[in-house]
Structure formats: structure tokens, C-alpha cells
Amino acid sequence: MTAIHPISLATWNGTLPAAEQGVATDALEAGHVLFMPELRFELSEAERAYLDPALVGKSKNVSYDPRSGKLGGLNVATMKLDDLRALMDRFATSTRALLATLLPTYGDGLHQAKTSLRPVEIAGRTQSWRKDDTRLHVDSFPSQPSSGNRILRVFSNVNPDGRARVWKVGEPFEAVARKYWDKLRAPLPGERGLLAAIRVTKAVRSRYDHYMLKLHDAMKLDPDYQARFATATHPFPAGSTWVCFTDQVSHAAISGAHQLEQTFWVDVRAMRNPNAAPLRVLESLAGRKLA
Ligand code: SIN
Ligand code: FE
């Protein structure tokens, strides 16, 4: 079972003894969720205005690129964008500091990607099955191939009414991969090149990304699998923060609103145990290199 690994850390610029950093890194790579119950991301009174779901359009999230400072997903033009950008940037900076504390061995192998603000209630939200994150899945981005690199995400529940964000978690990645591997169809000849040529993907989709997307879909489309883990819920309280490899942890978010999220890429070679990477697990099932 996926475990929740608690870490006592109450500040974003804290310190941890080296032994605890090693334990945290190993737990994360083994597919567990690092959970900081006391690590709150503070919003000022004025910043709480940005928690209004009316802020976002169809995308459901505000996105922020820490490198360019660009905001996306907004529905309204009248908000004070500089203040919103400052809030997103503060979260981006805070999560960088947190990972330097938790996972220092990743060093240059850790790359910051986008930040998101998720103001909309998850429960009862209508979505296509593929986008429905209330169904257990592993993350894989359809337009942005990872080529085997890891998707590491930091989540902070900033709900102003004290409501938890409730997740379900499933079994370890290898068990999921073994369960579905024989049912995942291989890429068609020319398929991955065509998707890049017509700009469905930003780069040629690796075989690894192909199989990860198929696995994501197979999990979401399997009602028996979804039903099996119905009781394995975990509430992340308001004012808490958690970190996991979402390409590895079978997860679903079933209720809650108001969350900040930061995505990082991690090079497989920077891992302490690269054999735990989904890339290596799928390659051993395929008997060939996939990226
Ligand atoms: C997900 O990554 O599936 C959603 C996580 C969340 O928004 O809590
Ligand atoms: Fe997900």
C-alpha cells in the first residue's frame, strides 16, 4: 500500500538532519507521500480574494510559469494581476526551498515547471473520464512528453474554511503496471511522429510516454480497479503540505477546494534508486528501452 510518511517541518526554509533527508528521499522514491501536517502556506487577507472560483475559466486552474512570470487560465481581466503573480511566485520560491531541505541529493537534477492555483471544488465537478481526477490514476501529460523524467509535485491545501483535501491512494506502481501491461496497445507505426508534426505534442512522444498515457487511461476506465480502493482515503487538512511522485503514486482527489500546486521534473539519473522509476519498471516489463 502507498504510505503517508509524516515529516515534522513547520517552515518553508527549515532544516532537516541528513539522516532524515535520506529517509525522506527513499520514502518518496519508494512511492510514498511525504506529508508535512504543520507546513502551512500563509495567504494575506487581501490574497484570499484569489481563492474565488470565478477567477478561472474552463481550465479550472490558474497556471503560472515561474521562469517567464506568465499567468494563464484566468477568466477575469479586472483582478490585480501583479498581486496574483506575486502570490504564485512566492509559492514557487517556497517549494524550491522546501525541496532543497527535503531532497538535497537531487541538486541540478531537479527542474521547476509550472505552478497552479486550484480554487474549484472537486466533488461534483463535471469532467470527461480522461480528465476526471476523482478516478485513481498516475499522472502523464498528453502534450508534454517527459521522456522518462519524473513528475514530482508539491501540494498545499490553502482552504480558508478549514476543509481537508481528500485523496484516495492505490497500490505501488509496479503492481499497477503489471496488472495492465498486457492490455496496453503498442504505438502504431508513425503515430508518435505524426502527433508531433501536427503539434498535438510539444516534442516526439517517447514510447515511455505512450505507455504511461495508456496506463493512465486503463486505470481510469476500469470500474473494478476504482472500486477496490474506495476506502483508502486520506484527508490532507487545511494548512498542510504534501509531496509525491504523481507519475508513480496511484492517486485520486475526491473532494476539497483551494489548493496550490507546484510541478517539478526530476532526472531519473538524479534518483537514489533509479530502478524505482516508472521508466525502469516499464522497461523491465517491455524488455527494451522506452526512452
Ligand atoms: C491530481 O493530480 O490528480 C489532482 C490532485 C489534486 O488536485 O489534489
Ligand atoms: Fe493526478
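Figure 1. Tryptophan 265 is buried, with a relative accessible area of 15%; buried means under 20% relative accessible area, exposed means over 50%, and partly exposed lies in between, as found with a 1.4 Å probe on protein chains only. This is a predicted model, in which local features need pLDDT of at least 70, side-chain atom pairs count only at pLDDT 80 or more, and totals for chains, interfaces and linings use all residues. Residues are numbered from 1 along each chain as its sequence is written, chains are lettered from A and ligands numbered from 1 in the order in which they are written, and side-chain values use heavy atoms, with hydrogens and water left out. The structure holds 13 aromatic pairs; rings of Phe, Tyr and Trp (for Trp, the six-membered ring) pair if their centres lie within 6.5 Å, and planes under 30 degrees apart count as stacked, over 60 as edge-to-face and the rest as tilted. Helices (H or I, at least four residues) and strands (E, at least two) are DSSP runs, numbered from the N terminus. Phenylalanine 141 is also buried, with a relative accessible area of 18%.

**Figure 2. A stacked pair and an aromatic cluster.** Phenylalanine 236 and tryptophan 242 form a stacked aromatic pair, 4.0 Å centre to centre and with 5° between the planes. Both phenylalanine 236 and tryptophan 242 are buried. One aromatic cluster is formed by Phe35, Phe155, Trp167, Phe236 and Trp242.

**Figure 3. The iron ion (ligand 2) and its protein donors.** The protein donors are His137 (NE2), Asp139 (OD) and His251 (NE2), which lie 2.1 to 2.2 Å from the iron ion. Donors are N, O and S atoms within 2.8 Å of the metal (3.2 Å for Na, K and Ca); water is not among the atoms, so sites may look incomplete. Along the chain, the donors of the iron ion follow the spacing H-x1-D-x111-H. Histidine 137 lies in the loop between β5 (110–118) and β6 (150–157), and histidine 251 in strand β10 (residues 251–255), so the pair ties together parts that are 114 residues apart in sequence. Histidine 137 is buried, at a relative accessible area of 1%, and histidine 251 is buried as well, at 6%.

**Figure 4. The crossing of helices α3 and α5.** The axes of helix α3 (residues 173–180) and helix α5 (residues 207–220) come within 10 Å and cross at roughly 85°. Axes are lines fitted to C-alpha atoms, for helices over the stretch in contact, and angles run from 0 to 180 degrees between N-to-C directions. Phe173, Val176 and Tyr180 of α3 make the contact with Met212, Leu215, Ala218 and Met219 of α5, where contact means heavy atoms within 4.5 Å. By class, this contact has seven nonpolar, no polar and no charged residues. Ala, Val, Leu, Ile, Met, Phe, Trp, Tyr, Cys and Pro count as nonpolar, Asp, Glu, Lys and Arg as charged, and the others, Gly among them, as polar.

**Figure 5. Methionine 271 and helix α7.** Methionine 271 lies in the loop between β11 and α7 (278–286) and is buried, with a relative accessible area of 5%. Not counting residues up to four places away in sequence, methionine 271 touches Glu29, Tyr106, Arg150, Ala276 and Ala277. In α7, the buried residues are Pro278, Leu279, Val281, Leu282 and Glu283, and they pack against β6, α3 and α5. Glycine 287, whose phi is positive, near 70°, follows α7.

Figure 6. Lysine 60 is not a glycine, yet its phi is positive, about 75°. Lysine 60 is placed in the loop between β2 (33–36) and β3 and is partly exposed, with a relative accessible area of 23%. Histidine 258, also not a glycine, has a positive phi of about 80°. Histidine 258 sits in the loop between β10 and β11 and is buried, with a relative accessible area of 10%.
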